[in-house]
Amino acid sequence: GVRGVRARRARGSEESTRRRLEDRPLPAQEVELQAGCGWHGAVGRVDSCTVRNLNIRLLVNAVALWVASRVVPGIELTQEVGPVLLVAAVFGLVNALIKPLVFVLSLPVVLLSLGLFTIVINALMLMLTDWLMDSLTVSGFWAALLGSLLISLVSLVLSVILPDGKD
């Protein structure tokens with residue numbers, strides 16, 4: 001009937017449009033997206049941009065932890081680059097894997113405190129990183145609280161300054 005004719009016409013016009021689009025050259029911006037960091041063709045594919053972004057996040061965490069160890073009394077971090085990067089990696093993993101679980105479990109408290117309890121969660125994640133790593137020492141909750149605030153601030157500033165590959 002009429003619906004079948006319309007469906008065949010629609011399929012035919014879609015195919016001809018697709019053929020025309022495949023034959024025409026891509027604008028420079030689209031070519032850049034395919035070759036650069038903005039192109040996400042394959043699901044689960046790890047490209048050089050993903051690795052670069054992870055490295056940037058690792059360095060941002062390392063600098064933020066280092067600044068906190070210099071400014072906040074009660075936070076000590078080794079001076080060697082390798083262990084600092086390892087602490088930053090563990091801190092990033094703790095924040096990526098454990099923090100969301102803690103956040104969900106404490107959601108009623110987070111809501112009652114209008115989100116302020118997330119500062120406490122951040123301090124607990126810093127204390128957990130201290131417990132996991134010998135290269136980092138946090139002397140108490142208040143040091144962890146001040147340190148987590150400073151780490152968040154430094155990370156925010158560095159994230160705004162540094163490229164992330166999404167531009």
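Predicted model: local features only at pLDDT ≥ 70, side-chain atom pairs only at ≥ 80, totals over all residues.
**Helix α4 and its packing against α6**

Good morning. I begin with a list of residues: Val 87, Val 90, Phe 91, Val 94, Asn 95, Ile 98, Lys 99, Val 102 and Phe 103 in α4 are in contact with Thr 118, Ile 121, Asn 122, Met 125, Leu 126, Leu 128, Thr 129 and Leu 132 in α6.

Two packed helices are described by the angle between their axes and the distance between the axes. For α4 and α6, the angle is about 135° and the axes lie 9 Å apart. An angle of over 145° would count as roughly antiparallel, so α4 is oblique to α6. The crossing of the two helices, α4 and α6, is right-handed.

Next, α4 itself. The helix comprises 25 residues, 81-105, and at 1.5 Å a residue it should span 36 Å; the C-alpha atoms at its ends are 35 Å apart, which agrees. There is a bend of about 40° in α4 at Ile 98, and Pro 100 follows within four residues.

Which residues of α4 are buried? They are Val 84, Val 87, Ala 88, Val 90, Phe 91 and Val 94. These buried residues pack against the helices α3 (48-71), α6 (117-132) and α7 (141-161), and against the strands β1 (75-77) and β2 (136-138).

Finally, the protein as a whole. Its seven helices and two strands follow the pattern α-α-α-β-α-α-α-β-α along the sequence. Of its 167 residues, 26% are buried. Among contacts with a separation of 6 or more, 63% join residues 24 or more positions apart. Thank you.

Technical notes:
Residues numbered from 1 in each chain as written. Heavy atoms only, no water. Expected span 1.5 Å × (residues − 1). Bend = angle between axes of the 7 residues up to and from the residue. Buried < 20%, exposed > 50% of the residue type's maximum accessible area, 1.4 Å probe, protein only. Contact = heavy atoms within 4.5 Å. Axes fitted to C-alpha atoms, helices over the stretch in contact; angles between N-to-C directions. Parallel < 35°, antiparallel > 145°, perpendicular 65-115°, else oblique. Left-handed = near helix turned anticlockwise from the far one by under 90°.
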